[in-house]
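Please look at the sequence and the coordinates before reading on.

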Amino acid sequence: MISEMREALEALLGPVSEPVLLAGGASKEAWAVDAGGEPLLVRRAAVGVIHRHTLSLRDEFAVLEAAHEAGVKVPRPVLYIEDLDDREAFVMERIPGETIGRRIVRMDPVPAELPLQMAEELAKIHAIPAERLPFLVEASLERLVDELDEVDEPHPAIELGLWWLRESRPEPRKSLVVHGDFRIGNLAVDEQGLVGVLDWEFAHLDDPARDLAFGLVRAWRFGNDELRLGGIGDVEPYLERYNELTGVDIRPEELDYWELAGNVAWAIGCLTQARRHLTGQDRSVELAILGRLGAEVEYEICHLLETLS
Amino acid sequence: MRSATFWRHFREVWPHEIPANPCGVATPRQVASPRHATSGNETVSERPTPEELAEAIEEFLAGEILPTLDDHRLRFRLLVALNALGILGRELAKLPPEDDAEQRALAAAIRAGTVEPGTLARVKADVARRLQVNSPRYLDRY
């Protein structure tokens with residue numbers, strides 16, 4: 001398989017080094033390969049992937065291209081390949097920097113500029129014209145409810161979260177292109193700060209406050225709970241910088257709302273990830289245990305509801 | 001569902017009875033009726049069930065760790081541990097299924113918009129009881 005893949009890549013890119021598998025998985029593989037001295041990353045589909053609520057690799061590549069054109073710090077998109085040894089794939093620059101969230105929050109020191117840089121990248125992402133990406137769909141609370149119903153397990157804490165989200169929805173803002181999974185674990189960071197925004201498969205159209213608040217979810221603070229912005233900083237300067245750059249005026253209460261929404265989404269995400277194991281789609285002890293660890297997120301939902309009511 | 005690789009390794013090294021249906025064919029696992037973790041007085045339905053967790057660990061150890069072990073003593077000890085885990089899993093499978101009707105009724109009421117005073121406190125206490133089992137140290141973070 002590796003030699004077929006290398007051959008196919010060489011036909012498109014010229015001589016390349018032997019591909020090294022960095023991460024496997026049921027949905028996507030990541031391969032490191034060097035072409036003409038340039039470090040590249042190949043994202044390739046796994047067998048039998050059903051794209052539900054995530055972008056296909058073709059669409060993800062198109063989003064990456066649009067983000068790159070808009071000046072967002074992203075790995076340079078190189079090439080989409082419809083058939084790379086029988087599967088869909090794309091090639092992008094392999095950028096340096098730390099990408100493991102738990103290590104980023106423990107950097108000593110965490111780059112002081114990082115919170116403001118995150119705000120700057122979000123401002124650029126939200127300026128990508130939606131017409132440029134006609135396949136992106138609008139998110140909705142109903143889709144989350146559908147996912148929860150498919151799990152068919154009673155979770156009153158999640159229901160309470162959904163109930164509050166329905167009752168307390170702020171005046172909706174114009175839907176914009178959002179990253180959809182903008183949190184510390186999806187950034188590449190070095191000593192100077194943000195190097196690149198990664199993992200665009202959840203891009204969609206939504207309230208921009210949703211993107212700003214997703215990184216506040218406690219699970220993504222990796223134990224640094226007191227720093228609400230992803231375990232690396234305070235929210236206020238980050239929100240202020242975003243508002244200053246975009247000319248909108250997103251209020252702190254909107255972030256509270258969308259932080260709860262992010263927790264509800266991740267609590268349901270834990271249950272659906274565990275289903276990948278339980279149904280045999282992707283047997284893995286890490287996915288299995290998420291079905292139990294979702295209780296942590298449910299506790300946070302209750303905690304947030306106490307502070308909000 | 002166990003992979004063909006799993007059963008290949010398993011047959012090579014397993015000194016005891018081969019468990020039922022080691023066909024090596026990937027068939028979707030039947031969704032079992034949920035078994036419920038009981039903690040305190042509350043019945044909480046959760047998956048993976050205890051035996052599903054034991055099975056996930058068994059697959060990981062037998063499918064991914066065992067093939068990497070060259071040390072005979074370690075291989076032997078891992079096989080013994082797998083045997084013990086099998087016992088645990090079968091013991092857990094004998095537990096009678098419990099009824100999660102109350103949690104279902106509560107979830108359905110909230111979905112319908114009926115949130116009685118005190119609901120949040122009750123739900124939070126239920127989640128805390130689940131965490132005592134699932135992730136006890138997490139509660140220290142609040």
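What percentage of the 142 residues in chain B is made up of buried residues?

## Chain B: burial and layout

In this predicted model, buried residues account for 23% of the 142 residues in chain B, where a residue is counted as buried if 20 or more other C-beta atoms lie within 10 Å of its own. The chain contains five helices and two strands, and these follow one another along the sequence in the pattern α-β-β-α-α-α-α.

As for its contacts, among those in chain B with a separation of 6 or more, 66% are between residues 24 or more positions apart.

## Chain A: the sheet

Chain A holds an open sheet of five strands, arranged in the order β1-β2-β3-β5-β4 with antiparallel pairing. At the edges of this sheet are β1, residues 20–23, and β4, residues 77–84, each of which pairs on one side only. On average, and with direction ignored, neighbouring strands of the sheet are turned by 25° against each other.

In general, the strands of a sheet pair through backbone hydrogen bonds, in either a parallel or an antiparallel manner. For β4(A) and its partner β5 of chain A, which spans residues 87–93, the pairing is antiparallel and comprises five bridges; within β5(A), A:Ala89 is the bridge partner of A:Ile81.

## Chain A: a helix across the sheet

Conventions
Residues numbered from 1 in each chain as written. Chains lettered and ligands numbered in written order. Predicted model: local features only at pLDDT ≥ 70, side-chain atom pairs only at ≥ 80, totals over all residues. Pairing = 2+ DSSP bridges. Helix = DSSP H or I, 4+ residues; strand = E, 2+ residues; numbered from the N terminus. Axes fitted to C-alpha atoms, helices over the stretch in contact; angles between N-to-C directions. Buried ≥ 20, exposed ≤ 12 C-beta atoms within 10 Å, placed from the backbone. Contact = placed C-beta atoms within 7 Å.
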